[in-house]
Amino acid sequence: MVSLHQDRSQSCRSVMELPSSTRIHGVNCKMFNVNTIRRYAVACLCASFIGAVLSDCPIPEKHPNNGRMRFQYRRDVNMTIAPENYLLRFQCNEGFVLKGAKAIVCVSDEWTKEVPVCSKMSCADPPSILNGDYLLETGVSEELFIGSIATYNCNDGYEFKNNSNSILTCHLFDDINDAQWKGELPTCIEKESCGSWCFNRWKKGRRLLLYWRCS
């Protein structure tokens with residue numbers, strides 16, 4: 001395997017063997033005969049510049065859906081070809097998460113990674129509760145996207161403690177740019193029961209009133 005140092009040396013030697021003034025792919029390379037060291041340095045500089053000119057990558061035709069590309073400089077927004085070592089960054093809109101590389105680099109006429117995609121954020125499975133379960137309302141898709149609702153119910157013989165809220169919603173928290181369940185997780189407790197019942201009645205005028213109570 002040829003090392004990077006060897007590869008550069010070979011490039012420099014190939015340029016140094018050219019006439020003192022020549023054009024290579026539109027690049028004007030002039031060699032100076034002041035001394036060998038200076039001629040070598042100029043040749044290496046010229047070879048590096050030629051490599052940068054010849055190595056380029058086409059800019060992706062469009063921004064990722066629900067996201068955008070970020071160029072190194074604002075003036076590059078209309079650029080169609082990126083030079084060697086050019087860096088492209090990617091960012092997703094709120095409510096979407098990046099799937100893939102956050103940045104790609106132009107190396108030897110190719111981008112180091114594929115252009116990423118922006119996927120809609122979703123919540124993890126809702127938390128489970130003791131003595132109860134939940135039903136999900138996810139819309140058309142089964143994914144737990146932002147806006148999905150988890151409605152909790154208690155098992156038979158149990159009820160919500162303190163009439164707690166039974167609904168959680170998949171919500172986008174802007175401060176952390178993440179989707180999580182919003183709402184207080186309910187608690188199911190055992191219903192109160194009476195050990196024995198007493199039955200009482202009395203007459204009031206013509207109407208018979210009945211009531212019962214726990215003893």
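This is a dialogue between two readers about a predicted model.

Colleague: How many helices and strands are there in the chain, and what share of its residues is buried?

Modeller: The chain holds two helices and 18 strands, and of its 215 residues 26% are buried. Its accessible surface comes to about 15900 Å², with 50% of that belonging to carbon and sulfur atoms. Among contacts with a separation of 6 or more, 40% are made by residues 24 or more positions apart.

Colleague: Which residues touch the most other members in the largest nonpolar core?

Modeller: The general idea is that in soluble globular proteins nonpolar side chains tend to be buried together. In this model the largest nonpolar core has 13 residues, and those touching the most other members are C123, Y152, C170, A179 and W181. Two or more residues of this core come from each of the elements β12 (149-154), β14 (167-173) and β15 (178-182). Another core lies apart from it, with 12 residues that include I59, A82, A101 and I104.

Colleague: What does Y152 touch, if residues up to four places away in sequence are not counted?

Modeller: On that basis Y152 touches P126, P127, I129, D133, Y134, F160, S166, L168, L185 and P186.

Colleague: How many bridges join β14 to β15, and which residue is the bridge partner of L172?

Modeller: As a general point, the side chains of a regular strand alternate between the two faces of the sheet. Here β14 and β15 run antiparallel and are joined by five bridges, and L172 has A179 in β15 as its bridge partner. The hairpin of these two strands has four residues between them, and N177 takes a positive phi near 50° there.

Colleague: Where are N66 and D109 found, and what is the phi of N66 and of D109?

Modeller: In general, most residues other than glycine have a negative phi. N66, however, has a positive phi near 65°, and this residue is found in the loop between β3 (56-58) and β4 (67-70). Because its relative accessibility is 36%, N66 counts as partly exposed. D109 likewise has a positive phi, near 70°, and lies in the loop between β8 (103-107) and β9 (110-111). With a relative accessible area of 41%, D109 is partly exposed.

Colleague: Which ring does the charged end of R75 sit over, and how many aromatic pairs are counted?

Modeller: The charged end of R75 sits over the ring of Y73, at 4.5 Å from the ring centre. As for pairs of aromatic rings, the count comes to one.

Key:
Residues are numbered from 1 along each chain as its sequence is written. This is a predicted model: local features need pLDDT of at least 70, side-chain atom pairs count only at pLDDT 80 or more; totals for chains, interfaces and linings use all residues. Side-chain values use heavy atoms; hydrogens and water are left out. A nonpolar core is a set of buried Ala, Val, Leu, Ile, Met, Phe, Trp, Tyr and Cys residues joined through side-chain atoms within 4.5 Å. Buried means under 20% relative accessible area, exposed over 50%, partly exposed in between (1.4 Å probe, protein chains only). Contact means heavy atoms within 4.5 Å. Rings of Phe, Tyr and Trp (its six-membered ring) pair if their centres lie within 6.5 Å; planes under 30 degrees apart count as stacked, over 60 as edge-to-face and the rest as tilted. A charge sits over a ring if NZ of Lys or CZ of Arg is within 6 Å of the ring centre and within 35 degrees of the ring normal. Accessible areas come from the Shrake-Rupley method with a 1.4 Å probe; for residues, only the protein chains shown count as cover. Two strands pair if DSSP finds at least two bridges between them.
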